[in-house]
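Please find below a colleague's note on a protein model. Kindly keep the sequence and structure in view while reading.

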Amino acid sequence: MNAPTGLPDLSHLWMPFTANRQFKSQPRLLAGAKGMYYTSVDGRQILDGTSGLWCVNAGHCREEIAQAIARQAGSLDYAPGFQLGHPLAFEAASAVAGLMPQGMDRIFFTNSGSESVDTALKIALAYHRARGDAQRTRLIGRERGYHGVGFGGISVGGISPNRKTFSGALLPAVDHLPHTHSLEHNAFSKGQPAWGAHLADDLERIVALHDPSTIAAVIVEPMAGSTGVLVPPQGYLERLREITAKYGILLIFDEVITGYGRLGAATASEFFGVTPDLITMAKGISNAAVPAGAVAVRREVHDAIVNGAQGGIEFFHGYTYSAHPLAAAAILATLDLYRREQLFTRARTLAPAFEAAAHTLKGAPNVIDVRNIGLVAGIELAPRDGAPGARAAEAFQKCFDSGLMVRYTGDTLAVSPPLIIEESQIAEMFQSIGKVLKEIA
Ligand SMILES: Cc1ncc(COP(=O)(O)O)c(C=O)c1O
């Protein structure tokens, strides 16, 4: 395919999670970014309503992070992480541990959310084996869960297009909880919906079916972002915690999106007051300036594996780039920035204005739900007959053309701006969406 004039040859790059042919016929290319804005290749300013892909929580091209990365690239570009280390890796682990719930202070570094998820699932299996419970291998995910694209992640994930091509190769011992989305009961809820805590009780059914002695872990996103902003019903996460604790099953919160301030606290675990056994993270950990991820592990889980081993390598897992020096530098600079600018508190303070602005879209054409928590909102549109997703796709394109970046999944538009957003920009974002919704059929 020939690129439109002035653009690079678009044919070689096979783009991820993209309708390649459609994109290349009508490319949306970004050339720069600063603070709350992207600049497109044709020089337009685009308000970033999505923190890139839910990851640039402190806003774009922050000087402190860029300088830390540049300094590091010039002094120690790479150090092996197997049998060797470098001081920043340990410092970054301490800084991450300092933001995790009490007792979850053992940190394993990865490069992405998908790697964090697969790492956490492996830690769960290793933990039970180390304790003499090697038959605990079953993993429980949830419908509409997104846990990245590794074979572990798509197996526990609950998005059928991500699974069907690979269906013959998914992990065998997996079951799924029902998702919690219900327009009938919860449409236009503000914050946590009132209906749905009982859906966690389905775990009792799954446990009875398979027997607790076979189940290693339950993994859920405390707030599911990628599948359309699904906010946990009041009491739901607490119930999952009770049931998993009762049966000795590890609870993993996938906080790749919710980690680092999205809800107005360092983690969703802290925000909801529910502490799991493992937390997966990525994205905001480095403000996305360098790919990075991590798993925070409850100390007893770590100790069972590490102190329980006879000697030698205790956990046969790791990445060439675990705690890469540039990632470690970016993480330290990012976490310092979050602290100095009190960005998690800022998100919490802005949340009521954000909620009020989001819900002004109730009554806009085709809006069948608005849901929100912290600095994230989902606006669900009625699907067009025979063309699910088409209306949201058109809204996304029109928003982009008018200078606002949103995301869409199915027929839900998602908004999750950097935590540095101003109140006037919050108002502007939802007004722009409202205007676009009036323009499309
Ligand atoms: C909850 C959750 N887990 C895992 C991932 C995968 O992260 P990555 O794309 O960095 O592999 C994502 C990405 O959006 C996510 O939202």
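The points below treat the domains, the sheet and a pair of packed helices.

1. Basis of the note. The model is predicted, and local features need pLDDT of at least 70, side-chain atom pairs count only at pLDDT 80 or more, while totals for chains, interfaces and linings use all residues. Residue numbers start from 1 along each chain as its sequence is written.

2. Domains. The protein is divided into domain 1 (20–58 + 342–439) and domain 2 (76–339); such bounds come from an automatic or database domain assignment. Their centres, taken over C-alpha atoms, are separated by 26 Å.

3. Contact between the domains. In this contact, 32 residues of domain 1 meet 29 residues of domain 2; two residues are in contact if their C-beta atoms, placed from the backbone, lie within 7 Å. On the side of domain 1 that touches domain 2, the elements giving two or more residues are helix 2 (51–54), helix 14 (343–358), strand 11 (367–373), strand 12 (376–381) and strand 15 (412–415). Helices (H or I, at least four residues) and strands (E, at least two) are DSSP runs, numbered from the N terminus. The residues on this side of domain 1 divide into 16 nonpolar, 10 polar and six charged. Here Ala, Val, Leu, Ile, Met, Phe, Trp, Tyr, Cys and Pro count as nonpolar, Asp, Glu, Lys and Arg as charged, and the others, Gly among them, as polar.

4. An open sheet has seven strands in the order 4-10-9-8-7-5-6, with mixed pairing; two strands pair if DSSP finds at least two bridges between them. Strand 4 (106–110) and strand 6 (174–177) are the edge strands, each pairing on one side only. Strand 4 runs antiparallel to strand 10 (residues 293–297), and five bridges join them. Arg106 has Val297 as its bridge partner in strand 10.

5. A helix pair. How do helix 3 and helix 13 cross? The axes of helix 3 (residues 63–75) and helix 13 (residues 325–340) come within 8 Å and cross at roughly 155 degrees. Axes are lines fitted to C-alpha atoms, for helices over the stretch in contact, and angles run from 0 to 180 degrees between N-to-C directions. Helix 3 is therefore roughly antiparallel to helix 13, a term for angles over 145 degrees. Residues of helix 3 in the contact include Ile65 and Ala68, and those of helix 13 include Leu326 and Ala329. By class, this contact between helix 3 and helix 13 has 11 nonpolar, two polar and one charged residues.

Conventions. Parallel < 35°, antiparallel > 145°, perpendicular 65-115°, else oblique.
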